[in-house]
Amino acid sequence: MEIDHFAELVPYLSNFLHTIPTASQLKLECSLRLLKQDHRLGALFFLGHLEAHSVTYLLAFGSPDMDLFRHRKFYYSRNGIDWHLLLEPTSWSDDWSQLCSEFTGNERFVYKLRSLASGSPWLEIREQDRLWYVMYAILREAAAVPRGALRMSSDKDIVRNPFFCGLPHDEAAELHHYQHFRVPERAAEENLRGRAECNLSMDVFDRLEVDVLPESKSYSLRKDDSGQVALLSSLHWIGMEIFHKANTPLYGFYYRGDGRKNWDLPFMVDL
């Protein structure tokens, strides 16, 4: 949730049976605004809560540039007041998502993971590095926005679309009108193919329903009781929730989970 609209977006979490108490909300908003100012960030987002054994990590990310992904920075806090920068590990791999142990709450704790490469030794991974990786993986694989919320400029900057007015009610209820919140990984031709109408600046982003396996079954999508708000839940990263109020520019995503990927999903759905 973008911090400049934090108070406006928090009430939507109740649709997922989540809440942030008023006192905690005010503390978070104040500390994050100070973080944005002190680190000279152009945009700052509160990602959510990661539940560890002995503590809850609060997670945030932001960028100093207009581009939301260039020089992106990750932060964590244990108390909602003091925020610490998470540095990208010098070496890491997607093997790390195989870790099934819960987070301990001790940033210096070291996990051991056997590398999937044949003959490789055990990998040693600090909890602080694993925290960076989980944030990276959740944002890359599970975070999403409605079509049109982001645009790519002629300079290839990825920015929020100031003219986004929201999806119509019928489109808000369809998965193919949502896109990954990330730098496009598929070729533009693939993302544009098959659209009756397309806009290169908005439709260059990776579509949600075809990019995550099993296709069209990696998210649940429903509407709230009013029928106005579309609610998506990632089934790969349990706890990642996305919401969008139709015909308005209001949207956001929030994570509350244990930082472990659901590798059993292919066995849980009817392929």
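A residue is termed buried when its relative accessible area is under 20%, exposed when it is over 50%, and partly exposed in between, as computed with a 1.4 Å probe on protein chains only. The model described here is predicted, so that local features need pLDDT of at least 70 and side-chain atom pairs count only at pLDDT 80 or more, whereas totals for chains, interfaces and linings use all residues. Residues are numbered from 1 along each chain as its sequence is written, and side-chain values rest on heavy atoms, with hydrogens and water left out.

At 55% relative accessibility, Cys165 is exposed, while Cys30, with a relative accessible area of 47%, is partly exposed. Zero disulfides are present in the structure, a disulfide being a pair of cysteine sulfur atoms within 2.5 Å.

Strands (E, at least two residues) and helices (H or I, at least four) are DSSP runs numbered from the N terminus, and two strands are said to pair if DSSP finds at least two bridges between them. Strand E13, which spans residues 240-245, is mostly covered, with five of its six residues buried. Strand E13 pairs in the antiparallel sense with strand E12 (residues 229-234) over five bridges, and within this pairing Val229 lies opposite Lys245 of E13. The two strands E12 and E13 form a hairpin with five residues between them, in whose turn Gly239 has a positive phi of about 110°.

Strand E13 also pairs in the antiparallel sense with strand E14 (residues 251-257), over five bridges, and Glu241 has Tyr254 in E14 as its bridge partner. In the hairpin of E13 and E14, where five residues stand between the strands, Asn247 adopts a positive phi near 60°.
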